[in-house]
Amino acid sequence: MADSVNVSGIVLSVMPIGEYDKRLVLLTREFGKITAFARGARRPGSSLLAAANPFVFGTFTLIPGKSAYNLIQTDIKNYFVDLAKEQPGVYYGFYFLELADYYGRENLDATEMLNLLYISLRALLNPSLDNRLVRRIYELRLMTINGEYSPEQEDFSAQALYVVQYIMYSPMEKLFTFSVTPEVLAELEKKIERYRRRTLDRTMRSLQILEMFL
């Protein structure tokens with residue numbers, strides 16, 4: 001049997017396999033986006049039952065296989081259970097997961113992406129923050145991390161350009177420490193959305209669901 005490895009990560013998506021198993025897609029700090037099978041995770045009483053769900057963040061013990069990993073143990077730091085109670089916050093959350101899945105790649109250091117996703121999900125639980133702004137901060141910083149955003153391609157007002165540059169280059173822990181005027185938020189939404197539509201080459205199912213609640 002191959003030696004086990006420990007990775008820090010978050011569950012992006014889950015699919016049932018067979019009668020009792022689950023197939024997980026994880027974004028991990030060490031190996032980027034990977035696939036792992038949680039054998040028996042759908043059995044009542046399984047030690048993997050609670051951990052094999054979207055949004056679960058923690059340390060995962062895996063055994064490498066030929067084309068995927070097998071999950072054998074977890075040490076969970078956050079289940080984000082409170083997010084499930086938030087409407088439409090939970091749908092923003094699923095969109096964040098799907099966008100991370102879109103940009104995630106195997107065998108690449110995903111430290112920055114993982115940190116961004118984690119603090120963005122926490123921001124959705126902060127009642128003092130506008131989820132519309134949280135979304136645009138997440139999208140813009142994620143595109144920046146992946147080298148896909150240039151503010152020069154959009155004609156921003158001076159106020160909005162300052163916010164854009166702050167989102168792109170400020171320390172991660174400072175991302176969700178500000179608010180904007182309704183006018184600046186509307187400008188950010190319009191122009192970041194236009195850029196996102198030009199850049200992404202597929203429809204986000206989670207975004208379609210989110211937009212039904214907005």
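Colleague: Leaving out residues up to four places away in sequence, which residues does P88 touch?

Modeller: P88 touches L210, F213 and L214, where contact means heavy atoms within 4.5 Å. Before we go on, this is a predicted model, so local features need pLDDT of at least 70 and side-chain atom pairs count only at pLDDT 80 or more, while totals for chains, interfaces and linings use all residues. Residues are numbered from 1 along each chain as its sequence is written, and side-chain values use heavy atoms, with hydrogens and water left out.

Colleague: What makes P88 count as partly exposed?

Modeller: Its relative accessibility is 21%. Buried means under 20% relative accessible area, exposed over 50%, and partly exposed is in between (1.4 Å probe, protein chains only). At 21%, P88 therefore falls in the partly exposed class.

Colleague: And where does P88 lie?

Modeller: In the loop between β5 (69-78) and α1 (89-103).

Colleague: What kind of peptide bond joins Q87 and P88?

Modeller: A cis one, with omega at about 5°. For background, most peptide bonds are trans, and most residues other than glycine have a negative phi.

Colleague: Speaking of phi, what is the value for F55, and what for F80?

Modeller: F55 has a positive phi near 80°, and F80 has a positive phi near 55°. F55 sits in the loop between β3 (32-38) and β4 (57-64), and F80 in the loop between β5 and α1.

Colleague: Why is F55 called buried?

Modeller: F55 has a relative accessible area of 6%, so it ends up in the buried class. F80 is buried too, at 3% relative accessibility.

Colleague: How do you know which elements the protein has?

Modeller: Helices (H or I, at least four residues) and strands (E, at least two) are DSSP runs, numbered from the N terminus. On that basis the protein comes to 6 helices and 5 strands. From the N terminus on, the order is β-β-β-β-β-α-α-α-α-α-α.

Colleague: What makes the protein as compact as a globular protein of its length?

Modeller: The radius of gyration is 18 Å, close to the 17 Å that the globule rule gives for 214 residues, so the protein is as compact as a globular one of that length. The radius is taken over C-alpha atoms, and the rule is 2.2 Å times the number of residues to the power 0.38. The C-alpha atoms fill a box of roughly 60 × 35 × 30 Å along the principal axes.

Colleague: How much of the protein counts as buried?

Modeller: Of the 214 residues, 50% do. Among contacts with a separation of 6 or more, residues 24 or more positions apart account for 66%.

Colleague: Let's turn to helix α5. Is E193 buried or exposed?

Modeller: Buried: the relative accessible area of E193 is 11%. E193 is found in helix α5 (residues 182-199). Leaving aside neighbours within four places in sequence, E193 is in contact with R135, R136 and L188.

Colleague: Why can you call the pairing of E193 and R196 a polar contact?

Modeller: A polar contact is a pair of N or O atoms within 3.5 Å; within protein, one must be able to donate a hydrogen and the other to accept it, and residues adjacent in sequence count only if both atoms are side-chain atoms. The side chains of E193 and R196 are joined at 2.6 Å, so the distance meets that cut-off.

Colleague: What does Y195 touch, not counting residues up to four places away in sequence?

Modeller: Y195 touches M143, E148, Y149, S150, Q153 and E154. Y195 also lies in helix α5, and its relative accessible area of 6% makes it buried. Its C-alpha atom is separated by 9.6 Å from that of L140, 55 residues apart along the chain.

Colleague: Last one: what makes S13 partly exposed?

Modeller: A relative accessible area of 28% puts S13 in that class. S13 is found in strand β1 (residues 5-17), and touches R23, L24, V25 and D101, not counting residues up to four places away in sequence. S13 and T177 are 164 residues apart in sequence and 29 Å apart in space, C-alpha to C-alpha.
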